[in-house]
Amino acid sequence: WNICYLYIWVIPVILGIFLKHIKQSLVWAMVSAVYGLLFGALCAIVDAFIGGIGYAVAKWASGIPFDIAHCLGNFAMALILFNPLRELLDRLWRKTAK
């Protein structure tokens, strides 16, 4: 799992750069939910190289319940925390920009 994290965690960074102008928490919650749902599929890329396509598909399929939980958790956390964290980061950015 360490290998796949090297590229999986780059995805939210890239999304953040390209979508930084979006300030609606619902949009970010949906992006976070899709990311959580696709997490297992993204890990399956490395699994295909390690154990073959059959292994990758089997491992991904067995993790779908976790991916659904990941999706729902990401959605809820983004919906709850987006606005307070955005305000905090904006304040910190203004303080450091002086």
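## Helix packing

Helices α2 and α3 cross in the right-handed sense. The model is predicted, not experimental. Helix α2 spans residues 10-18, and its axis comes within 11 Å of that of α3, at a crossing angle of roughly 155°. Because the angle is over 145 degrees, α2 counts as roughly antiparallel to α3. On the α2 side, the contact is made by Ile 11, Pro 12, Leu 15 and Gly 16, and on the α3 side by Trp 28, Val 31, Tyr 35 and Leu 42. By class, this contact has 7 nonpolar residues and 1 polar residue, with no charged residues.

Helix α3 (residues 25-51) also packs against helix α4 (residues 53-62), at an angle of about 150° and with the axes 7 Å apart. This angle makes α3 roughly antiparallel to α4. The crossing of α3 past α4 is right-handed. From α3, the residues in contact are Gly 40, Ala 41, Ala 44, Asp 47, Ala 48 and Gly 51, and from α4 they are Ile 53, Tyr 55, Ala 56, Lys 59 and Trp 60. They divide into 7 nonpolar, 2 polar and 2 charged residues.

A further packing partner of α3 is α5; the two axes come within 7 Å and cross at roughly 155°. Here too the angle makes the pair, α3 and α5, roughly antiparallel. Their crossing is right-handed. The residues of this contact divide into 15 nonpolar, 7 polar and 1 charged.

| Helix pair | Axis separation | Crossing angle |
|---|---|---|
| α3 and α4 | 7 Å | about 150° |
| α2 and α3 | within 11 Å | roughly 155° |
| α3 and α5 | within 7 Å | roughly 155° |

## Charge pairing

How many salt bridges does a search of the whole structure find? The search finds 1 salt bridge. In general, side chains of opposite charge can pair when their charged atoms come close. In this model the side chains of Asp 47 and Lys 59 meet in a salt bridge, at 3.4 Å from N to O. The pair links distant parts of the chain, with Asp 47 in helix α3 and Lys 59 in helix α4, 12 residues apart. Both residues also belong to the contact of α3 with α4 described above.

Are the two partners buried or exposed? Asp 47 has a relative accessibility of 8%, so this residue counts as buried, under the 20% cut-off. Lys 59 has a relative accessible area of 41% and is therefore partly exposed.

## Single residues and distances

Val 57 lies in helix α4. With a relative accessible area of 45%, Val 57 is partly exposed. Val 57 and Pro 12 are 45 residues apart in sequence, and their C-alpha atoms are 24 Å apart in space. Pro 12 is one of the α2 residues in contact with α3.

Leu 81 is found in helix α5, which covers residues 64-97. At 37% relative accessibility, Leu 81 counts as partly exposed. Leu 81 and Ala 29 are separated by 52 residues in sequence and by 9.6 Å in space, C-alpha to C-alpha.

Terms used. Residues numbered from 1 in each chain as written. Predicted model: local features only at pLDDT ≥ 70, side-chain atom pairs only at ≥ 80, totals over all residues. Heavy atoms only, no water. Axes fitted to C-alpha atoms, helices over the stretch in contact; angles between N-to-C directions. Helix = DSSP H or I, 4+ residues; strand = E, 2+ residues; numbered from the N terminus. Parallel < 35°, antiparallel > 145°, perpendicular 65-115°, else oblique. Left-handed = near helix turned anticlockwise from the far one by under 90°. Contact = heavy atoms within 4.5 Å. Nonpolar A, V, L, I, M, F, W, Y, C, P; charged D, E, K, R; others polar. Salt bridge = Lys/Arg side-chain N within 4 Å of Asp/Glu carboxyl O. Buried < 20%, exposed > 50% of the residue type's maximum accessible area, 1.4 Å probe, protein only.
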